[in-house]
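Let's take a walk through a protein model together.

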Amino acid sequence: QLQLVESGGGLVQPGGSLRLSCAASGFTLGYYAVGWFRRAPGREREGVSSISSFSETPTYSDSVKGRFTISRDNAKNTVYLQMNSLKPEDTAVYYCAAVVQNPYTVDPGLLDENYNYWGQGTQVTVSS
């Protein structure tokens, strides 16, 4: 059974840091592009960051560029999202998603419709 499980969310003060993990089971995550998305209360789901499979090219939304870093550890079948300088507006449920990618397919980027495997989400709350 293909499964993605997020962890690492929690409550943090503004300016603090968290590292989210997206662990895959049932498939080899290294062959998949992975994206991080978030949904804040009353808002649409938005793409935050993604990383391609072979070239490991990262993509970031303007709202997190310079503060968040995405990385992958294929040996652990896990993708990470390091979040620094957190702001109250980063408060949301964060989801990871995956889609198989080969060297000839277009990077799925930050469009959620391009992904077909999703985790259950982890809550991130930034508040003093």
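Which residues have the most contacts inside the largest nonpolar core? Before we get there, a word on ground rules: this is a predicted model, so local features need pLDDT of at least 70, side-chain atom pairs count only at pLDDT 80 or more, and totals for chains, interfaces and linings use all residues. Residues are numbered from 1 along each chain as its sequence is written, and side-chain values use heavy atoms, with hydrogens and water left out.

**The core**

Now the answer: Leu29, Trp36, Leu81, Met83 and Tyr94 have the most contacts inside the largest nonpolar core, which has 28 residues. The elements that give two or more residues to this core are S3, strand S4 (32-39), strand S5 (46-51), S7, strand S8 (78-83), S9 and strand S11 (122-126). Another core lies apart from it, with five residues, among them Ala33, Phe37, Ala97 and Val99. Buried, in turn, means under 20% relative accessible area, exposed means over 50%, and partly exposed is in between (1.4 Å probe, protein chains only).

**The whole chain**

Stepping back, the protein chain has eleven strands and zero helices. Helices (H or I, at least four residues) and strands (E, at least two) are DSSP runs, numbered from the N terminus. Buried residues account for 46% of the 128 residues in the protein chain. The radius of gyration is 14 Å, which agrees with the value near 14 Å that a compact globule of 128 residues would have. That radius is taken over C-alpha atoms, and the globule rule is 2.2 Å times the number of residues to the power 0.38. Drawn along the principal axes, a box of roughly 45 × 25 × 25 Å holds the C-alpha atoms of the protein chain.

**A sulfur link**

How many disulfides does the count come to? One, where a disulfide is a pair of cysteine sulfur atoms within 2.5 Å. The partners are Cys22 and Cys96, whose sulfur atoms are 2.1 Å apart. Cys22 lies in strand S3 (residues 18-25) and Cys96 in strand S9 (residues 92-100), so the pair ties together parts that are 74 residues apart in sequence. The torsion about their S-S bond is about 70°, so the disulfide is right-handed. Cys22 counts as buried because its relative accessibility is 0%, and Cys96 counts as buried at 0% too.

**Two arginines**

Is Arg38 buried or exposed? Arg38 is buried, with a relative accessible area of 5%, and it lies in strand S4. Arg67 also counts as buried, at 10% relative accessibility; look for Arg67 in the loop between strand S6 (58-60) and strand S7 (68-73).

Both take part in polar contacts. A polar contact is a pair of N or O atoms within 3.5 Å; within protein, one must be able to donate a hydrogen and the other to accept it, and residues adjacent in sequence count only if both atoms are side-chain atoms.

| Arginine side chain | Partner | Distance |
|---|---|---|
| Arg38 | Glu46 side chain | 2.7 Å |
| Arg38 | Tyr94 side chain | 2.9 Å |

Leaving out residues up to four places away in sequence, Arg38 touches a list of residues including Val48, Phe68, Asp90 and Tyr94.

**Stops in the loops**

Glu56 sits in the loop between S5 and S6, and its phi is near 55°, a positive value in a residue other than glycine. Glu56 counts as partly exposed, at 37% relative accessibility. Asn77, in the loop between S7 and S8, has a positive phi near 55°, but Asn77 is buried, with a relative accessible area of 16%.

Last stop: Thr28, in the loop between S3 and S4. Thr28 counts as partly exposed at 45% relative accessibility. Its C-alpha atom is separated by 9.8 Å from that of Lys76, 48 residues apart along the chain.

Terms used:
Core = buried A, V, L, I, M, F, W, Y, C linked by side-chain atoms within 4.5 Å. Contact = heavy atoms within 4.5 Å.
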